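This briefing is intended for a reader who wishes to examine the model alongside its sequence. The points are grouped by topic.

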Amino acid sequence: MQSLPGFRDFLPNDCAARNYIFARWREVCRRYGFVEWDGPVLEPTDLYKKKSGPEIVAQLFSFTDKGEREVAMRPELTPTLARVIAAHEREFKKPLKWFSIPQCFRYEKQQRGRLREHFQLNCDIIGDQSSGADVELIALCIDLLREVGLAADDFVVRISDRAAWDRFLPDFGIGPEQKADFLNVIDKLDREEVEKIQPKLELFGVSVARLMAFLANANLEWFAPLREQLETRDLLQYCEFNLRIVRGLAYYTGVVFEVFDRPRKFRAIAGGGRYDTLIHQLSDGAVDFPAVGFAMGDVVLGELIKEVPSARKKMEEAIQSQHDLQIYAVIAKEERRPDALQLIQTLRDNGYRVDYSLTPAKVGKQFQTAEQLGARLAVLFGDEWPQLKLKDLCTGDQSLVPREELPARVATLLSSRA
Ligand code: HAM
């Protein structure tokens, strides 16, 4: 039996890599004053039908539950967030700065960096309309990537504004009712062949040549306030302004951005933007808050980290340090096992990572296991009892230690070599 296509088994090294990425994400989010929350994995299918847009709805893992409800496994978190905010509107002081790490499910064609489940760090600010909130999120997104060892040569944040298109669409003779469909075509510009784009644009009476000329010459003055704030924070080197970025999700209303690896090997690492009307719509007009946020996927980020040597090294060290044992107890004489277990318990109570052989084994074999597990110290329970032989597995130094002094000696050795 194999796992389903696009679903991962997390073996210990994969879990350690995931722990590393999540730990870095949590650390940086807290640095920015964000607090963690979560929602349910399963939601009414209608939540996404109404709010996410046709692309995501076509990818839903959905079914009818035993109570005849139409339900879907979450493909994203933003509609849930809007629902939760509308329901708990009065309980929190605005602006809210919330983050979450949901596992999301999308029935997509599996390829490198694109699976049918992925974890997504979501960061959102609710109740603040200022461009300061937009920039704060772009800065957070950049810092999350810098934290794992990526630099301006490795990724770029491409920023645009859906509202900017409102100014340009009349020039193409496109009315507000056609805006969503037209922006869907723009969203695919970088992903589809010209032959596929041409007929779609023709439906709007626009030629590819005219659109390309417009994009090449568009006045990007619109972005001056964002540009200034990013420059003040010395973050402009990570950013690029580009009207082609409109995002595939239906609810975005203003600034939108996507992060790509510079060589463009992968799909976006992260994407987000302003969705000022979603909460209002989901609450049938009862609650109205501006909102802005983004999500970063663990799959693409993991692939990119592996491509960049300095980032990869950082992750490998973190993986190693999660597995490394501090102490291995070598039981040379079986009659010493009860004494060994007592001391092992004491060491574990003191917070040390300690392991030993559950069944009798040759001393040489136990030392070999200690090394394979990356233990820093070995404690030998043998003929020397009530003294113990303490061996530093890095330096090879050995000494005899009375059993009651073991915790203190271990503490000294481990702290001096930390
Ligand atoms: P999204 O662009 O659909 O945005 O997804 C965000 C990120 O999740 C993508 O950039 C990508 O890294 C990752 N991702 C998405 N689908 C897959 C997949 N099939 N396999 C691997 N990774 C994937 C949203 O979901 C918005 N709700 C983000 C947001 C939050 N907007 C405002 N707040």
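**Backbone features in loops**

Glu68 lies in the loop that runs between strand 3 (62-64) and strand 4 (70-73). The model is a predicted one, and Glu68 has a positive phi near 65° although the residue is not glycine. With a relative accessibility of 65%, Glu68 counts as exposed.

- Arg264 is another residue other than glycine with a positive phi, here near 55°.
- The loop between strand 10 and strand 11 holds Arg264, and this residue is partly exposed at a relative accessible area of 39%.
- The peptide bond between Lys94 and Pro95 is cis, with omega at about -5°; Pro95 belongs to the loop between helix 4 (78-87) and strand 5 (96-100).
- A cis peptide bond also leads from Trp385 to Pro386, where omega is near 10°; Pro386 sits in the loop between strand 15 (377-381) and strand 16 (387-392).

**Domains**

- The domain assignment divides the chain into domain 1 (12-39 + 77-317) and domain 2 (325-416).
- A distance of 51 Å separates the C-alpha centres of domain 1 and domain 2.

**Ligand surroundings**

- Glu108 places a polar side-chain atom 2.6 Å from a nitrogen atom of the ligand.
- Backbone atoms also take part: a polar backbone atom of Ile269 is 3.0 Å from an oxygen atom of the ligand, and a backbone N or O atom of Gly297 is 3.4 Å from an oxygen atom of the ligand.
- On its own the ligand has 660 Å² of accessible area, and the protein covers 97% of this.

**Helix 12**

- Helix 12 is largely enclosed by the rest of the structure, because eight of its ten residues are buried.
- The buried residues are Asp298, Val299, Val300, Leu301, Gly302, Glu303, Leu304 and Ile305.
- These buried residues pack against helix 1 (12-31), strand 7, helix 5, strand 10 (255-261), strand 12 and helix 13 (309-323).

**Helix 5 and Glu147**

- Helix 5 is mostly covered, with 14 of its 17 residues buried.
- At 1.5 Å a residue, the 17 residues of helix 5 should span 24 Å, and the end C-alpha atoms are 24 Å apart, so the two values agree.
- Glu147 is part of helix 5 (residues 131-147); its relative accessible area is 15%, below the 20% limit, and Glu147 is therefore buried.
- Leaving aside residues up to four places away in sequence, Glu147 touches Tyr20, Arg24, Glu27, Val28, Arg31 and Lys314.
- Gly149, which follows helix 5, has a positive phi near 95°.

**Helix 14 and Arg348**

- Arg348 is located in helix 14 (residues 337-349) and is partly exposed, its relative accessible area being 36%.
- Apart from residues up to four places away in sequence, Arg348 touches Val354, Asp355 and Tyr356.
- The backbone oxygen of Val354 is reached by the side chain of Arg348 at 2.9 Å.
- Arg348 and Leu183 are 165 residues apart along the chain, and their C-alpha atoms are separated by 59 Å.

Notes:
Residues are numbered from 1 along each chain as its sequence is written. This is a predicted model: local features need pLDDT of at least 70, side-chain atom pairs count only at pLDDT 80 or more; totals for chains, interfaces and linings use all residues. Side-chain values use heavy atoms; hydrogens and water are left out. Helices (H or I, at least four residues) and strands (E, at least two) are DSSP runs, numbered from the N terminus. Buried means under 20% relative accessible area, exposed over 50%, partly exposed in between (1.4 Å probe, protein chains only). Contact means heavy atoms within 4.5 Å. The expected span of a helix is 1.5 Å times one less than its number of residues. Domain bounds come from an automatic or database domain assignment. A polar contact is a pair of N or O atoms within 3.5 Å; within protein, one must be able to donate a hydrogen and the other to accept it, and residues adjacent in sequence count only if both atoms are side-chain atoms. Accessible areas come from the Shrake-Rupley method with a 1.4 Å probe; for residues, only the protein chains shown count as cover.
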